[in-house]
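Here are my notes on the model, as numbered points. Please read them alongside the coordinates.

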Amino acid sequence: MNDMIQTKSLTFHYPVEEGEPAPDVLRGVDLTIEQGSFVVILGHNGSGKSTLAKHMNAALVPTGGQVLVDGYDTAEEENTLEVRRRVGMVFQNPDNQIVANVVEEDVAFGPENLGVPTEEIARRVRQSLQAVGMEDFALHAPHLLSGGQKQRVAIAGVIAMEPMCIVLDESTAMLDPSGRREVLETVQRLNREKGITVILITHHMSEAAYAHRVIVMDSGRVAMDGPPAEILTQVDRLRQLGLTAPPTVLLLSALQKDGWDVSLDALTVEDCADQICRALGA
Amino acid sequence: MLKDITLGQYFPGNSVAHRLDPRTKLLMVVAYIVALFSAVWVVSYGLMILVLAGCIAVSRVPVKSLVRGLKPVLIILVFTGVINLFWTPGESLWHWWVFNLTREGIQRAIFMVLRITMLIMGTFLMTYTTSPIRLTDGLESLLGPLKKLHLPIHELSMMMSIALRFIPTLIEETDKIMSAQKARGADFESGSVLQRARAMIPLLVPLFISAFRRADELAVAMECRCYHGGKGRTKLHVLRYQGIDYAALFLSLVVVAAVFALRRFGL
Amino acid sequence: MEPIIRVDHLTHTYGQGTPFCRSAVKDVCLDIYPGELLGMIGHTGSGKSTLIQHLNGLLKPTGGKILFHGRDIWAEPGRIRDIRFKVGLVFQYPEYQLFEETVGKDIAFGPRNMGLEGDALRERVEEAAGFVGLSPDLLDKSPFELSGGQKRRVAIAGVIAMMPEVLILDEPSAGLDPAGRDSLLNNIRSYHAATGSTVVLVSHSMDEVAENADRIAVLADAGVVLCGTPREVFSHGETLEAVGLTVPQVTKVAMELRRRGVAIDSAIYTVEDLRRALDALREGGAPC
């Protein structure tokens, strides 16, 4: 089986007092995420994207429908540990997910919980820190690191559990541009070299260009789903959903309106320049 | 500002004192305190000073930072000294109003001040050479047998190490909220005691709310990393006594025995 | 024109006299003019946070001076609080400073510290809430019931309510989604237009300052490396990239086109500008 995560008509509402209305945050989500893919989930605040993410490692369980992680039903309590060792989660605030006051101790936290033997933990800590490029900081105090470095430590802490999938729940939202780049390049490498499935929740459109597949959430439902070139070029539809297409696409779309013969699927500066040059040359 | 405060400060290093097992150091501190409080006269105090000096030399911790550690307890030191100096019954040397300086008082004041100073320097020597996390590990391991009595030793030590981890974060946060409220004209420095207490509300409310939020998020993050209590947990660093630990523990016993012996002879 | 704030050879060294001493800003000179919207940009650690905390007297210079209307703000240290009312500073993630029972009371904290009471105070609060787009019925709610974006607006209103002559905002849009970001920046722009006050917008997003600021100061390595109109600043694309800042995507496209021999101005920073420039180029029939 090569389905990493499968949601079947997933609905969810947060618990409320008796008699109060229970607004659904997720309203019937059907998704299949393949092993080894890099998926970006976009959406404005309140679109349900974070709630969806929290269902992927049983941090939340459905109030309706089903979530299967590598075949395990997340609603069954005895599956929780199996689900969580398969799907690691990195959160938004880097300060609030680091447990220990030495980097290597923090990375070891997950494997320690799983009861991994001591020598094996040491090997995993070393390899995980290498994988995120933080091996020189093994003995540092986490609170003295930059935001991007802290998030990389958090990622190392997750991959030390040797998961099949990493979910980044708005993990780049609090970082500056260079920190964001650090994190994105790290997960992209993990995806490419180790075949780890990556699910990135964000509202930064520029990050969608890294993905194989882009899913746009809106009011608890999947509003768009497809490869980046297909999704990011739908300027008007994105605007309706509270998002903005990348500037390169906006530029080409504006030029198209002025009668230029360009197509919109240019997500990089180079592609965009190619399009313009071609049109100018013609 | 607040950032300059140091709590349980640790000086990274690689001396013999740093390499000792944290349990050894904890036990040594216990032995040291017992010996210190059993010392009665110049000879035993002299021995203890030698022991402390030896430990400081081995640890290569600068004496200056140990002395600096005494600053917060200076008032207690002075207070203890003065009380003992003037209010110890005995052969009076000088008398004025309620003050009565006695020969015994001088003796006692010197010993008491010495005792407190050495107590603090000794324990600080331990925290200076042991990272907080190893210290917690050591405590957890030493108190391990109490788990049989269903005491939550693992939970307590986990709480302690998380508290240590968040101290710098919360200090930074306090600094930030304080600046933000000062930017809105808050005044933390002047006014009566009552006014100052009231002025703390804009600082404390956000600080508590944020601490609760952090605790909440941390709990979720820990669960997502498969934390489910102390059961079946392994460790990256397992504590193991080395030869040097046995040697250090043996020496500690010798010192305690020596002080006890000296005490018998009133030395 | 006389600057409203003059930063005169400002230096700030943290931990002076210890082995950890470090200059966060070094010999910085910068003029801020009345009524302008100044963008201040630099990556984390460039010294921008330290610099702005000097402008309202939260930090005291270890070297140099801050002049407000030509007078050294530390000339009378006892009156430094007055400067904080005239130079309002909104910190990063300001929603974490809220503490009162109601939104209205929280916004009133600043003006109340200035000595305002009664109707005058209420008017201030309502006006400030209006500027950040908070509806009046929210004023009686607890700030902790609001969404993250709304909390941030409450915090910003709390500084605007002091009616400062200069409003400094440190990364006001950090962590907001595109729609929230656009609407907040719109509010800030209309506040600037309506009051004519001076606004300093600190950001690490080039696109954000490019779209909003009259002038941009670029900070790097504890100093100001570039300062001028957006056109001037973005014409130094290479310098910006050298100090680790990413220029707006559109500027990158313009730079790439120029590299390929298209005769186009590289000091372009909005989609509209580049569109116009390219349209004009095509009319003229320029080859690639």
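1. In this predicted model, helix 3 of chain C passes helix 4 of chain C in a right-handed crossing. A crossing is right-handed if the near helix is turned clockwise from the far one by less than a right angle, and left-handed if anticlockwise. The two helices span residues 103–113 and 118–131; their axes come within 9 Å and cross at roughly 115°. Axes here are lines fitted to C-alpha atoms, for helices over the stretch in contact, with angles running from 0 to 180 degrees between N-to-C directions. Helices (H or I, at least four residues) and strands (E, at least two) are DSSP runs, numbered from the N terminus.

2. On the helix 3 side of that contact in chain C (heavy atoms within 4.5 Å) are C:Gly104, C:Ile107, C:Ala108, C:Pro111 and C:Arg112, and helix 4 of chain C supplies C:Leu121, C:Arg124, C:Val125, C:Ala128 and C:Ala129. By class, the contact of helix 3 with helix 4 of chain C has seven nonpolar residues, one polar and two charged. Ala, Val, Leu, Ile, Met, Phe, Trp, Tyr, Cys and Pro count as nonpolar, Asp, Glu, Lys and Arg as charged, and the others, Gly among them, as polar.

3. The conventions are as follows: residues are numbered from 1 along each chain as its sequence is written, and chains are lettered from A and ligands numbered from 1 in the order in which they are written. Local features need pLDDT of at least 70 and side-chain atom pairs count only at pLDDT 80 or more, while totals for chains, interfaces and linings use all residues; side-chain values use heavy atoms, with hydrogens and water left out.

4. C:Pro143 sits in the loop between helix 4 and helix 5 (148–160) of chain C. Its relative accessibility is 0%, so C:Pro143 counts as buried (under 20% relative accessible area; exposed is over 50% and partly exposed in between, with a 1.4 Å probe and protein chains only). Leaving aside neighbours within four places in sequence, C:Pro143 is in contact with C:Leu98, C:Glu100, C:Glu101, C:Thr102, C:Val103 and C:Lys151. C:Val154 is eleven residues from C:Pro143 in sequence and 7.7 Å from it in space, C-alpha to C-alpha.

5. Helix 1 (residues 48–55) of chain C is largely enclosed by the rest of the structure, because seven of its eight residues are buried. These are C:Lys48, C:Thr50, C:Leu51, C:Ile52, C:Gln53, C:His54 and C:Leu55. C:Gly57, with a positive phi near 75°, follows helix 1 of chain C.

6. In chain A, helix 9 (residues 247–257) buries A:Thr248, A:Val249, A:Leu251, A:Leu252, A:Ser253, A:Ala254 and A:Leu255. The buried residues of helix 9 of chain A pack against helix 8 (235–240) and helix 10 (269–281) of chain A, and also against helix 10 (249–259) and helix 11 (271–284) of chain C. After helix 9 of chain A comes A:Gly259, with a positive phi near 90°.

7. Two backbone angles deserve a check. Most residues other than glycine have a negative phi. A:Ser219 is not a glycine, yet has a positive phi of about 35°; A:Ser219 is in the loop between strand 9 (213–218) and strand 10 (221–226) of chain A. C:His69, also not a glycine, has a positive phi of about 50° and is found in the loop between strand 4 (63–68) and strand 5 (71–72) of chain C. A:Ser219 counts as partly exposed at 34% relative accessibility, and C:His69 counts as partly exposed at 46%.

8. In chain B, the axes of helix 8 (residues 153–183) and helix 10 (residues 201–224) come within 10 Å and cross at roughly 140°. That angle makes helix 8 of chain B oblique to helix 10 of chain B (under 35 degrees counts as roughly parallel, over 145 as roughly antiparallel, 65 to 115 as roughly perpendicular and the rest as oblique). The crossing of these two chain B helices is right-handed. By class, the contact of helix 8 with helix 10 of chain B has twelve nonpolar, four polar and two charged residues.

9. On confidence, the predictor gives the complex an ipTM of 0.88 and a pTM of 0.85. The mean pLDDT (the predictor's confidence in each residue, from 0 to 100) of chain C is 89, with 97% of its residues at 70 or more. Chain B averages 85, and 97% of the residues score at least 70. Over residues 1–7 of chain B the pLDDT is below 50, and this stretch has ten contacts in the model beyond near neighbours in sequence.
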